[in-house]
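Here's a quick tour of one model, taken a piece at a time. Have the viewer open as you read.

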Amino acid sequence: MRISVSAKPAVVVAIDGPSGTGKSSTSKAVAARLGLAYLDTGAQYRAITWWMLHHGVDVADPAAVAAAAATPDVVSGTDPQAPTITVDGTDVAAPIRGPEVTGAVSAVSAVPAVRERITELQRSIAAEATAGIVVEGRDIGTTVLPDADLKIFLTASEEVRAARRSGEIGRRGAEGVATTRADLARRDAADSSRAVSPLAQAGDATEVDTSHLTLDQVVDCVVTLVEDRKRPVS
Ligand SMILES: Nc1ncnc2c1ncn2[C@@H]1O[C@H](COP(=O)(O)OP(=O)(O)O)[C@@H](O)[C@H]1O
Ligand SMILES: Nc1ccn([C@H]2C[C@H](O)[C@@H](COP(=O)(O)OP(=O)(O)O)O2)c(=O)n1
């Protein structure tokens, strides 16, 4: 019997885009299907924001946020089937999705000292992912992992994104969707206009408009792009 051993190079996939375009759902499913690790960088910014709020730091004061930025210990579990997020050992997966954190996360994540700390953490997690990783966020293709093997920029119309997010958080009716839409637009504007590594499409990213695609279709599309980009086996 002949046994052939092939070196399988680790693939690094960067998935960026605004809120509600499907980054988390797509990244998790792609990573699970391809046996890669998964990192939700938004959860890290949410976790550090939760810690600031929990410790009474004035999140509207960039100097106060910067002074505290080095203290919290944010740890991400990268199994796409069961991702985890803790701060100083506390499981914050649920509270980081609440309205207080969502309302403060853009201000906290705009502070350069926060971005430096979290970016360094993200790069070390990616470097340790020997089987490869899908990393999703806002600045992965532009700043965190500019040498990623594949960069995807997900988009969707504001209307579709607001409807998706409203469904997710249980906000019903036209008024609920309108409120969600205004929240999303405000956060996208803040994330796109900050001075340090704003939400932006990398020049070499492939844009995928998910407005009229099912989640399965988006996942198939990204998996195909990953397979196409894999370096030849040596
Ligand atoms: N292509 C899609 N079609 C319909 N719903 C989707 C699609 N992609 C994601 N969703 C849903 O939209 C919501 C937001 O998706 P999520 O992956 O959290 O987006 P993001 O990480 O970009 O904010 C979730 O409820 C998710 O199930
Ligand atoms: N790479 C990243 C990821 C998220 N952020 C910031 C900006 C976002 O508004 C918040 C929250 O990101 P998250 O991906 O959880 O947001 P949504 O799931 O789209 O609501 O974190 C960032 O600045 N850089």
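## Around the ligand

Which backbone atom of Leu215 lies 3.3 Å from a nitrogen atom of ligand 1, and of what kind is it? It's a backbone N or O atom of Leu215. That counts as a polar contact, meaning a pair of N or O atoms within 3.5 Å; within protein, one must be able to donate a hydrogen and the other to accept it, and sequence-adjacent residues count only if both atoms are side-chain atoms.

On its own, ligand 1 has 550 Å² of accessible area, and the protein covers 77% of that (Shrake-Rupley method, 1.4 Å probe). The elements giving two or more residues to the shell are α1 (23-34), α7 (158-169) and α9 (215-229). Of the 15 residues around the ligand, Gly20, Lys23, Ser25, Arg165 and Leu213 come nearest (a residue is near if one of its heavy atoms lies within 4 Å).

## What the numbers rest on

This is a predicted model, so to speak of local features takes pLDDT of at least 70 and side-chain atom pairs count only at pLDDT 80 or more, while totals for chains, interfaces and linings use all residues. Residues are numbered from 1 along each chain as written, chains are lettered from A and ligands numbered from 1 in written order, and side-chain values use heavy atoms, leaving out hydrogens and water.

## The sheet and its helix

Now for the strands. There's an open sheet of three, ordered β3-β4-β5 with antiparallel pairing (strands are DSSP E runs of at least two residues, helices H or I runs of at least four, numbered from the N terminus; two strands pair if DSSP finds at least two bridges). β3 (74-77) and β5 (90-91) are the edge strands, each pairing on one side only. β3 and β4 (residues 84-87) share four bridges, and Val74 has Val87 in β4 as its bridge partner.

Helix α2 (residues 41-54) packs on this sheet, touching β3, β4 and β5 (contact: heavy atoms within 4.5 Å).

Asp191 sits in helix α8 (residues 173-193) and is buried at 5% relative accessible area. Beyond neighbours within four places in sequence, Asp191 contacts Ser106, Arg138, Pro198 and Leu199.

Ala185, also in α8, is partly exposed at 27% (buried is under 20%, exposed over 50%, partly exposed in between; 1.4 Å probe, protein chains only).

Note on methods. Axes are lines fitted to C-alpha atoms, for helices over the stretch in contact, and angles run from 0 to 180 degrees between N-to-C directions.
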